[in-house]
Amino acid sequence: MTALRRAESAARVAWPPLALCTCLVVTWALVDGFGNVVYKDTAVRLFLTLMIVLGLQIFSGNSGVLSFGHIAFMAIGAYMSALLTIPPDIKKFTYLSMPSWLGSWILPAKLSPLEATLAGAGVATLFALITAAPIVRLALLIIVYVFDVQTSAITRGTSTQIGVPQTTTFVSVLVWALIFIGVAFAFKQSRRGLRLRASRENVRAAKSVGVRVSVERAVAWVLSGFVVGVAGALYGHYFVTFGPDDFFFNQGFNIVLLTIVMLVVGGMTSVTGAVVGCYFVTVIYEAFRRWEVNGLDDVRPPSGTANFVLAVVLVLTLVLRPNGITGGREIPWPGDWSLDPLRRLTRRARSGGEDSVAAGSAK
């Protein structure tokens, strides 16, 4: 009987990430089997933004500190991986003024897609480690953006990249998204994740029991930097022609605000919320964006309608569901599904009690 309970307990723990991964695989299978080029492009964007949202969830969802600066890691990952994969012959005439201490190893470099992805994410992780001390997160995004624009010898400034090989595939973004769902859930359930979540609820109480809040936040910050750095590298090798505006506030695909809205709408305190918010906002945003571009029965809304609808969705969610669509909870075990309000309330109270006990034991 004890072995059976242990097996059920392990299955309950593994259920949420397995269910979420199944959702992603089904999405890939349907789009790859029946979708056209437009749907595949949308699905790739979905998986790329999901990785960014998962990175945000690792830090903001567990710490309660909202960050606007994570897209800086995406930019670093994209530029670094591009510089290491562009053919040397092209780099020789596009980066004529690159400093010798960089050009001596960047210009002749020609890494494989996986090596470049890990290298780009590695540099983003190093930058996250350097900036792990409490700083203004939005300022970090502005600093990286200004660097990308002004240092044309390294980034080509406002010009788009040339010669970046298109190595990111539908399957590769799926695989990385599956990996990061597991990483996000594992971190949340780890001792560090429990301590960080305790500080999210009450910083002073967490410090009073010995939780080093700054250290726990720094660990989450660095890990999320790696996740978003990988997303940036994959982004750069999918769209190949990108510039600084791709990683800043702009009028088109506003990756900065869009990913934050996805996390908040879905429920920022759970990995399930990150996935649900990403799917929900993508469907709403893409539907209205295509209506703007293509029209419907000769009716075309004014430009900016998609962003306006996105803002309305965010406001309604904050008013009607302050904790997001999922309420900040993971997918429940199938045997726990119930429409009975009393049972749901009891299970939620039990879950909250278990989290408190786990946070204390993780000290």
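**Reading a predicted helical model, feature by feature**

Author: Let's start with alanine 186, which is partly exposed at a relative accessible area of 46%. Here buried means under 20% relative accessible area, exposed means over 50% and partly exposed is in between, with a 1.4 Å probe and protein chains only.

Reader: OK. In which helix does alanine 186 lie?

Author: Helix α9. Helices are DSSP runs of H or I with at least four residues, strands are E runs of at least two, and numbering goes from the N terminus. For a sense of scale, the C-alpha atoms of alanine 186 and alanine 109 are separated by 35 Å, and these residues are 77 apart along the chain.

Reader: Now salt bridges. How many does the structure hold?

Author: The general idea first: side chains of opposite charge can pair when their charged atoms come close. The cut-off is a side-chain nitrogen of Lys or Arg within 4 Å of a carboxyl oxygen of Asp or Glu. By that test there are eight.

Reader: Which residue does glutamate 330 pair with?

Author: Lysine 188, with the closest N and O atoms 2.7 Å apart. That pair ties together distant parts of the chain: glutamate 330 sits in the loop between α15 and α16 (341-361), lysine 188 is in helix α9, and they are 142 residues apart. Glutamate 330 is buried at a relative accessible area of 17%, and lysine 188 is buried too, at 5%.

Reader: And how far apart along the helix are glutamate 286 and arginine 290?

Author: Four residues, within helix α14 (residues 271-294), so about one helical turn separates them. Glutamate 286 is buried at 7%, whereas arginine 290 counts as partly exposed at 22%.

Reader: Are aspartate 32 and lysine 40 buried or partly exposed?

Author: Partly exposed: aspartate 32 has 36% and lysine 40 has 30%. Their salt bridge has its closest N and O atoms 3.9 Å apart. Beyond simple pairs, Arg192, Arg195 and Glu216 are linked in a network of salt bridges.

Reader: Switching to backbone torsions, which sign should I expect for phi?

Author: Most residues other than glycine have a negative phi. Arginine 156 has a positive one, about 70°, although it isn't a glycine, and it lies in the loop between α8 and α9 (170-189). Valine 240 also has a positive phi, near 55°, and is found in the loop between α12 (213-239) and α13 (255-266).

Reader: Last one: which residues form the nonpolar patch on the surface?

Author: Phe308, Val312, Val315, Leu316, Val319 and Leu320, with about 600 Å² of accessible area together. Patch members have over 30% relative accessible area and no salt bridge; nonpolar side chains (Val, Leu, Ile, Met, Phe, Trp, Tyr) are joined within 5 Å, like charges within 9 Å. The areas are Shrake-Rupley values with a 1.4 Å probe, and for residues only the protein chains shown count as cover.

Technical notes: Residues are numbered from 1 along each chain as its sequence is written. This is a predicted model: local features need pLDDT of at least 70, side-chain atom pairs count only at pLDDT 80 or more; totals for chains, interfaces and linings use all residues. Side-chain values use heavy atoms; hydrogens and water are left out.
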